[in-house]
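Q: Could you take me through this model, starting with the overall picture and then going into the packing?

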Amino acid sequence: MATVKLRDIRKSFGATEVIKGVDIDIADGEFVVFVGPSGCGKSTLLRMIAGLEDITSGTLEIDGVRVNDLEPSKRGIAMVFQSYAIFPHMTVRENVAFGLTINKAPKAEKEAAVANAARILQMEHLLDRRPSELSGGQRQRVAIGRAIVRDPKVFLFDEPLSNLDAALRMDMRMEIGKLHQDLGASMIYVTHDQVEAMTLADKIVVLKDGKVMQAGAPMDLYHNPANLFVAGFLGAPSMNFIPVTVSVVTDDTITISSSSLDPIAVPRKGRSFAVGQSATLGVRPQYLRPVAADAGMLHGTVQLTERLGSETVVDVRLADGSKIIAALPQDMMLEPGRNVSFDFAVDQVHAFPDE
């Protein structure tokens, strides 16, 4: 286990800067997830920590030691890739032991390490099989087992579940979460899947265009997003964004309205606004409640209803032509073409000033 510190980390490919001054602290034993859209720099950042990409500038420390120029094999890390990267001609036992084999570890030490990894991952019965005899999830277990036997200070995962189907992803996600509990190791995990981020992480780092948009505990980011990007990225279905105009500003609240939204005072939450300014109101689909037409604050027409079993998702077109999504209790049904009104609790919404 180890701490990891990134200070003003930057990465350029020629004249193009792709990582733009990243500062992150990872505590001993913490599970940190880098999340963001394709091209945001999350995998590049992970590869820089692993030593597979050079750091253009800044400082990277692992367990208090500056490792910018240290070889990957000497950093005390082990990495699990998106592709399983296991050898088809070797058995599971040989694949898991490969790192120890090339380091000429004693036979007894190697056998004990493989047995321990197999026990942790519940794959003792697979040790004599070859990769062609394994499922995708079992192959990924082999790759994780190969990382475990190295007894690293830090585990690095680069989208390890993206090649699996939905059911296997859920199973493996639970196994990785249990692995973290069992080992208590520091783990850094890259994904574009917000469900993986929300369920696995002690801390989420949201990246966009090579910059950290926000970092913190999953539910802190969900309930208190720092900006529109984070608000829209976390949560399924995504947060609704409604264009509004600010009419009143006080120390604690602003009054906003639009052609689809009745005037309402909402918390400022530390953000700066001016009277007459355009802003965006964010409200999560789960927080919208259908009410009588004369009681609601949002007004529109149902376009489509999707019944998903656990909830009903309703696509609503507002009076100004914009669209919102409402996630309603499972037995509620709103027919397409019906005029509807919605209410919400003002402490659950977010107003963002337009830049």
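**Overall picture, packing and sheets**

Q: Before the details, what kind of model is this?
A: This is a predicted model.

Q: How many helices and strands does the protein have?
A: There are 9 helices and 20 strands in the protein.

Q: What box do the C-alpha atoms fill?
A: Taken along the principal axes, the box is roughly 75 × 45 × 35 Å.

Q: And what percentage of the residues is buried?
A: The protein has 355 residues, and 48% of them are buried. The exposed surface comes to about 16400 Å², with carbon and sulfur atoms supplying 50% of that area.

Q: What share of the contacts joins residues 24 or more positions apart?
A: That share is 65%, counted among contacts with a separation of 6 or more.

Q: Take Met123, then. What does methionine 123 touch?
A: Residues up to four places away in sequence aside, Met123 touches Val92, Val96, Ala118, Arg141, Val142 and Gly145.

Q: Next, aromatics. How many aromatic pairs are there?
A: The count comes to 5. One of the pairs is Phe155 with Phe157, which is stacked, with 6.3 Å centre to centre and 15° between the planes.

Q: Are those two phenylalanines buried or exposed?
A: Phe155 has a relative accessible area of 3%, and for Phe157 the value is 0%. Each is under the 20% limit, so Phe155 counts as buried, and so does Phe157.

Q: Which residues make up the cluster linked by ring pairs?
A: The cluster consists of Phe31, Phe155, Phe157 and Tyr189.

Q: Which charged residues sit over rings?
A: Lys11 lies over the face of Phe13, 4.9 Å from the ring centre. Arg284 has its charged end over the ring of Tyr222, 3.9 Å from the centre of that ring.

Q: Switching to sheets: what is the strand order in the open sheet of 4 strands?
A: The order is E2-E1-E4-E5, with antiparallel pairing. E2 and E5 (65–66) stand at the edges; each has a single partner strand, so one side of each is left without a neighbour in the sheet.

Q: How many bridges does E1 make to E2 and to E4?
A: E1 (residues 4–13) and E2 (residues 16–26) pair over 8 bridges. E1 is joined to E4 (residues 57–62) by 5 bridges.

Q: Which bridge partners does Lys5 have?
A: In E4 the partner of Lys5 is Glu61, and in E2 the partner is Asp25. Elsewhere, Ile9 stands opposite Val22 in E2.

Q: What lies between E1 and E2?
A: The two strands form a hairpin with 2 residues between them. Gly14, in the turn, has a positive phi of about 65°.

Q: Now Thr255. Where is threonine 255, and is that residue buried or exposed?
A: Thr255 is in strand E12, residues 253–257. Thr255 counts as buried, because its relative accessibility is 18%, under the 20% limit.

Q: What is threonine 255 in contact with?
A: Neighbours within four places aside, Thr255 is in contact with Thr245, Val246, Ser247, Val248, Pro263, Ile264 and Ala265.

Q: Finally, where is valine 275?
A: Val275 is in the loop between strand E13 (264–267) and strand E14 (278–283). Val275 is exposed, with a relative accessible area of 62%.

Q: Which residues does valine 275 contact?
A: Its contacts, leaving aside neighbours within four places, are Val246, Ser247, Val248 and Val249.

Terms used: Residues numbered from 1 in each chain as written. Predicted model: local features only at pLDDT ≥ 70, side-chain atom pairs only at ≥ 80, totals over all residues. Heavy atoms only, no water. Contact = heavy atoms within 4.5 Å. Phe/Tyr/Trp six-rings, centres within 6.5 Å; stacked < 30°, edge-to-face > 60°. Buried < 20%, exposed > 50% of the residue type's maximum accessible area, 1.4 Å probe, protein only. Lys NZ or Arg CZ within 6 Å of the ring centre and 35° of its normal. Pairing = 2+ DSSP bridges. Areas by Shrake-Rupley, 256 points an atom, 1.4 Å probe, with all protein chains shown as cover.
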